[in-house]
Amino acid sequence: MPQAMSWDEWAKHDAVALAERIQRGELTPREAAAQAEAAIGRLDPKLEAVLGLYDDVLADPDRDGPAISGRLYGVPMLLKDLGSALAGRAQESGSKLHLGNVAAATDPTIANYLSAGLVPIGRSTTPEYGMTIDTSTDYLGRVKATRNPWNPKHTAGGSSGGSAAAVAAGILPLSMSSDGGGSTRIPASFCGLVGLKASRGRVPRPLGQSEYMNRTSADGVVTRSVRDTATVYDYLARIPNGGSFIKTGAPAGSYVDAVARDPGRQKIGLTTGAWGRGGATDPEITARVREVAHLLESLGHAVEEIDDGGICDWEALWFAYTTNWVGGRAQFAQTARDKGIDPDRLADYLGPMTYAHYLDSARYDKFDIWKMMACNNTVTRQFGRLMERYDLLLCPTVAIRVPEANGPYSLLREEEFPPWLDRLCSACRYTMPANETGLPAISMPAGLDSNGLPIGVQLYGDFCREDLLLQMAAQLERARPEWFGAIPPLHVTNVT
């Protein structure tokens, strides 16, 4: 099929703009899908962000039933190879243990994407079971490391690394993400994108899960524009009856309407401290967060630096999070049995550090589970009290600058497990607490570091205040448009 647009024209469209062209009859969904397919052909050999395309959808974008009435009808996207799934489509969770798995049913989040009119055309990469911030796997017979469009020596992040790389490179305007420890916000930060993790209970869980079974994770999108995120969340926040075990109720209004107006004056707590972890945050990141704090003050907000030691009982938070994170990997034994595999052979089916998680899970018992839940109760209430004093918290998204691909955070490394886990949690010190407590948080681009790689800054909001987070992000986007949708060296407009 002939290319419908020049690459410069394609790259200028966010999802809302692309959908508007489709609605006006200037572009067909098939032409949009074909252009995304061509973009993947141009860039994916360098990025390794895509696992495969749905040929039947490329031929007929209505194949899986995207709603013609949806605000984003005809806009192509990729589904992350983890979590919520589309019936009849492969989903392997980045693991040999799930190789060849095909989803039996469509999960509510995917149904919401389809209600928005989005057209899933394929799968994006994820590290094994989404367990790190570096998207590198070897379950397909070779090492596949997803690269950052800003510098291919560096990772696009994880666990939504494939989606973030594709969106930043201009292949698609948006793509699926999920976030159980920062997996939406961290790749958004590393690739210069917008990434919102919603409150616990705001977005539906997969059919086989609930907020009780998995209290930390929330599906979402990575995008280049705040209005795209707002538009998708107007659909994502729809929860089928009986599908939420922590009922939040419907949003107070449309997120699209919210981002069209500036927020009122907000009281913002600024924090760049240790958050209970060892080692200092990278000074360039700290400086950029403070620059954003000054910008927010110039926009009329009140910013007050707070002592992170008083935020919560950090020892309790990190015990709760790591017990859940590591202890839950004991489930790999039952997954193996369900597939007719002897659990004693799991080393043959899991990557080195994934297997190390599994081995370490054996040290947790039922008393640790009770303690974990008590600690979760403690720190969630403490964060709740903090959010009575402040409307928002401003902090880094990640404590480190963008690391190398298949580097120190890769699940393919072979090293002792405790230092690997400590390194991961210290890097993610500002994202994981939102997952533990259920608070919403958003990562926004804030320019480049001295090496020309993106820096993200993060805002926490009070429970169910995604509307305020999106309003704040939109206000920053209007104030610093050059930070949003910036063009990296690996991009559809400059790669032949």
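Does Tyr-129 count as buried or exposed, and at what relative accessibility?

Modeller: Tyr-129 counts as buried, because its relative accessibility is 14%, and buried means under 20% relative accessible area, whereas exposed means over 50% and partly exposed lies in between (1.4 Å probe, protein chains only). Please bear in mind that this is a predicted model, in which local features need pLDDT of at least 70 and side-chain atom pairs count only at pLDDT 80 or more, while totals for chains, interfaces and linings use all residues. Residues are numbered from 1 along each chain as its sequence is written, and side-chain values use heavy atoms, with hydrogens and water left out.

Tyr-129 sits in the loop between β3 (119-124) and β4 (136-137), where helices (H or I, at least four residues) and strands (E, at least two) are DSSP runs numbered from the N terminus. The phi of Tyr-129 is near 55°, a positive value in a residue other than glycine. Trp-275 likewise has a positive phi, near 50°, without being a glycine, and it belongs to the loop between β11 (267-270) and α10 (283-298). Trp-275 is buried, with a relative accessible area of 0%. Another backbone feature to check is the cis peptide bond between Gly-158 and Ser-159, with omega about 10°; Ser-159 lies in the loop between β7 (151-155) and α6 (161-168).

Burial can also be followed along a helix: in α8 (residues 226-236), 9 of the 11 residues are buried, so that this helix is mostly covered. Among the buried residues of α8 are Val-226, Asp-228, Tyr-233 and Leu-236.

Helix α11 (residues 314-327) packs against two other helices, α15 and α13. The axes, which are lines fitted to C-alpha atoms over the stretch in contact, with angles from 0 to 180 degrees between N-to-C directions, come within 12 Å for α11 and α15 (residues 417-427) and cross at roughly 120°. That makes α11 oblique to α15, because angles under 35 degrees count as roughly parallel, over 145 as roughly antiparallel, 65 to 115 as roughly perpendicular and the rest as oblique. In this contact (heavy atoms within 4.5 Å), Trp-318, Thr-322, Trp-325 and Val-326 of α11 meet Phe-417, Leu-421, Leu-424 and Cys-425 of α15. By class there are 7 nonpolar residues, 1 polar and no charged ones, where Ala, Val, Leu, Ile, Met, Phe, Trp, Tyr, Cys and Pro count as nonpolar, Asp, Glu, Lys and Arg as charged, and the others, Gly among them, as polar.

Toward α13 (residues 352-361), the axis of α11 is 8 Å away and the angle is about 110°, and the two helices are therefore roughly perpendicular. Here Trp-325, Val-326 and Gly-327 of α11 touch His-357, Asp-360 and Ser-361 of α13, which divide into 2 nonpolar, 3 polar and 1 charged.

Finally, an open sheet of 8 strands runs in the order β8-β10-β9-β14-β15-β13-β11-β12, with mixed pairing; two strands pair if DSSP finds at least two bridges between them. Its edge strands, β8 (174-179) and β12 (302-305), each pair on one side only. Within the sheet, β14 (residues 441-448) and β15 (residues 454-461) pair in the antiparallel sense over 6 bridges, and Pro-445 stands opposite Gly-456 in β15.
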